[in-house]
Structures are given as C-alpha cells and as structure tokens.
Amino acid sequence: MPTDELSPHIDGPALDFLAAAEIEIEGRMPWSSNATFLVNLAHEGRTHQAIYKPVRGERPLWDFEPGLHRRECAAYHLSNALGIQVVPPTVIREGPFGEGSVQWFVEADHSQHYFTIFENREDLHQQLRRIAAFDFVANNTDRKSGHCLIAGDHVWGIDHGLCFAADFKLRTVIWEFSGEPIDPNLIAALEALRSDPPASVKDLLSTAEVEALLVRTDHLITTGEFPGDETGQRYPWPLV
Ligand SMILES: Nc1ncnc2c1ncn2[C@@H]1O[C@H](COP(=O)(O)OP(=O)(O)O)[C@@H](O)[C@H]1O
Ligand SMILES: [Mg+2]
C-alpha cells in the first residue's frame, strides 16, 4: 500500500488531508445534540467526507467548559499515543462556521453498535476492550452503544466531546470486561503514556485535566484489570 494512501488507518496522510482540504457543507447530522455537520472535503484531486463540529455550534453545558472540539481532537491524539486506533483521525481547523474539529468519516454499518457487536462478533472483543480502557483513561461521559461504529472489521469510537473532565465521571455501556486482566501490550502503552504524555494531548487540556488523566492511567496500570462499576449507575442516556 503506498504511504500516501488516504485511509483512517494511515494517520499522516489522513491528517494532512483533513487539515488542508477545502470544506463544503453537505448537511447537518440527524440526532446530533450540537451543530454537527457532514462535510465534503476535496484536496489535490481527492475527496472524502468528514464530521465537522464548529465551536460556535456547541450547546452550552453546565459541567463542561466550551471547546468540545478540542476534546474531540485530544481523544484522537490519546488513541494514537496508545496505538489502539479507537478514534478516527481528527484535526482542529477553520471551517465554514469558524474553528472546529474535523474528523474522518468512517463508512459504518449503522445497523450495528456496541451491543450487537458484543453479541455477534466475539472476534472483535479485543477491540471493544481497547475502547473500554480508552474510555476509562479519557474519562468518557458519553459512551453510548451507538458511539461505537463498525466499518469492515474495525470498531471505531466517536463523539468524544465530553471526555477529559478532571472529576471522575465515566459513563459507558461497556462493562462486560470488568475484572478481566488488561493485556500486557496495552499495559505497556499505558506505562509509556504515564511516563511521557505527548504534547499533542497535553496542549489541548488544562493542567488539572492532564493530572487527572495520569491518575486514571496509573490506576489501570496498578490494578491491571478492566474497571467495574460498583454504583451500577455509570451509564449514558439513552443507552444506544
Ligand atoms: N467519524 C465519523 N464517521 C462516521 N459517522 C460519524 C462520525 N462521527 C459522527 N458520526 C455520525 O454522526 C452522528 C452524530 O455525531 P456525534 O459525534 O454523536 O455528534 P453529537 O456531538 O452532536 O452527538 C453519529 O451518531 C454518527 O452517526
Ligand atoms: Mg452523539
């Protein structure tokens, strides 16, 4: 495969394309809680779609600072730093409605989501485990079943605007792996993150958020297992 191939699995060219392409609005995504747009990108004869979330379209939230687009991008860089390909390539850039996040659009089978993937695709459970670990480290408060997209044999996580709060507020539908050991490769990646968190993540978060991220990372390393939910209440709403 040539190295300049455009694919969400080859980060460099995909990121360059997202950053440089011309953006044309295709439409607003149905069901989106904020102003979330499907856009057409074109650059040097190549085209692809993306999800554009302008900061101006954000619905104000009482428990999150504005700038959800920064969290979308930080989530990508966290996934990239861990080498787990949970989050499709994402950049921050100017767009038709001002600055926002622009994320690679994955061609997903929308009849599938976390619950159906868990049920029917045991061969993909390792990828679901990675998402569970990612969500704990990122402190994701909104891992709905429908925020897991399957494209081919790859499971992607989307919608990470509500991650990285300094207070622990994980809300997810992924609890099936709780108590299981985390595999050694992932532990090694978590250790590397803890000892040297990349600037690409740190620069998008506050000092308190980075400190909390490292405490959560350390917790996974120390326990060595997928966390559980003693309260039984750490679920997003709606579930799908
Ligand atoms: N990277 C992506 N690739 C494909 N579809 C996506 C992607 N990101 C979002 N979507 C689609 O757009 C919908 C709305 O996106 P989401 O990130 O959930 O926005 P919101 O922040 O408004 O909830 C999702 O339910 C999904 O169908
Ligand atoms: Mg959403």
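Helices here, as in all I'll say today, are DSSP runs of H or I with at least four residues, numbered from the N terminus. With that in hand, hello everyone, and please keep in mind that this is a predicted model.

Which residues of α7 are buried? They are Glu209, Leu213, Arg216, Thr217 and Leu220. Looking down the axis of α7, you find these buried residues within an arc of 100°, so they line one face of the helix. They pack against α4, residues 125-138, and α5, residues 184-195.

Now let's move to α2, residues 68-82. This helix has 15 residues and reaches 21 Å from its first C-alpha to its last, close to the expected 21 Å at 1.5 Å a residue. Why do I call α2 largely enclosed by the rest of the structure? Because 12 of its 15 residues are buried. Among them are Arg70, Arg71 and Glu72, along with Leu68, Tyr76 and Leu82. And what do the buried residues of α2 pack against? On the strand side of the list we have β3 (46-54), β4 (90-93) and β5 (100-104), and the helices are α4, α5 and α6 (199-202). After α2 comes Gly83, again with a positive phi, near 70°.

Let me step back to the whole chain. There are seven helices and seven strands, and along the sequence they follow the pattern α-β-β-β-α-β-β-α-α-β-β-α-α-α. A compact globule of 240 residues would have a radius of gyration near 18 Å, and the chain has 17 Å, which agrees. The C-alpha trace spans about 50 × 40 × 35 Å along its principal axes. Of the 240 residues, 38% count as buried. As for contacts between residues at least 6 apart in sequence, 68% join residues at least 24 apart.

Last stop, the ligand. Ligand 1 has 18 residues around it, and Ser32, Thr36, Ile51, Ile158 and Asp159 come nearest. By type, that shell divides into 10 nonpolar, seven polar and one charged.

Definitions and conventions. Residues are numbered from 1 along each chain as its sequence is written. Chains are lettered from A and ligands numbered from 1 in the order in which they are written. This is a predicted model: local features need pLDDT of at least 70, side-chain atom pairs count only at pLDDT 80 or more; totals for chains, interfaces and linings use all residues. Helices (H or I, at least four residues) and strands (E, at least two) are DSSP runs, numbered from the N terminus. The radius of gyration is taken over C-alpha atoms; the globule rule is 2.2 Å times the number of residues to the power 0.38. A residue is buried if 20 or more other C-beta atoms lie within 10 Å of its own, exposed if 12 or fewer, and partly exposed in between; C-beta atoms are placed from the backbone. Two residues are in contact if their C-beta atoms, placed from the backbone, lie within 7 Å. A residue is near a molecule or strand if its C-beta atom, placed from the backbone, lies within 6 Å of it. Ala, Val, Leu, Ile, Met, Phe, Trp, Tyr, Cys and Pro count as nonpolar, Asp, Glu, Lys and Arg as charged, and the others, Gly among them, as polar. The arc is that of the directions from the helix axis to the C-beta atoms. The expected span of a helix is 1.5 Å times one less than its number of residues.
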